[in-house]
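Please look over the sequence and the three-dimensional view below before reading on. The report begins with one residue and then widens to the chain around it.

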Amino acid sequence: KTLTIMSLSYVLSCIVLGILSMYCSGMKVIAIAIILINIMAIDRALWNAIKFRYLMHFTIHKERNPITFVFETIGCFGAALVSILGSILIEYISASKALAYASIVFFVLLVISILYMRDRFGLKPNKYKKEDIRLGI
């Protein structure tokens, strides 16, 4: 639930920031943008703290390195792909519209993944299915 709230607040901040920058300008936008960017920064900080806590508490040293390597590698490739797609998108439309459209797409993907993971993540240890917790390490 914590990750869901953090993720939704992050994506919704991006959507609001994109839509706001499309239709408004001036000092009001700057003030609201700073607030929204601070919300996103708090979410990123909480995400890193939660990730570290779970990684340290639920893995042994032998498993931690491969899990961290895969997680960081996929994250970096994903960030590079999103950056490339974003730069292509900005060639054709304004940055504010690109932020709003991309945020809406990521919001839909986030909702789909939350619905999919609802019965697979955040359960009590005895409620997990055996096939969901296999580590092929």
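## A residue and its contacts

Which residues does C14 touch, not counting residues up to four places away in sequence? C14 touches M40, L99 and S103, where a contact means heavy atoms within 4.5 Å.

This is a predicted model, in which local features need pLDDT of at least 70 and side-chain atom pairs count only at pLDDT 80 or more, while totals for chains, interfaces and linings use all residues. Residues are numbered from 1 along each chain as its sequence is written, and side-chain values use heavy atoms, with hydrogens and water left out.

## The helices and the core

The protein chain has four helices and zero strands, these being DSSP runs numbered from the N terminus (helices H or I, at least four residues; strands E, at least two).

C14 also belongs to the largest nonpolar core, whose five residues are C14, L17, A33, L36 and M40. Helices α1 (2–23) and α2 (27–58) each give two or more residues to this core, and the largest share, three residues, comes from α2. Such a core is a set of buried Ala, Val, Leu, Ile, Met, Phe, Trp, Tyr and Cys residues joined through side-chain atoms within 4.5 Å. Buried means under 20% relative accessible area, exposed over 50%, and partly exposed in between (1.4 Å probe, protein chains only).

## Burial and exposure

Of the 137 residues in the protein chain, 17% count as buried. I112, by contrast, has its place in helix α4 and is exposed, because its relative accessible area is 53%.
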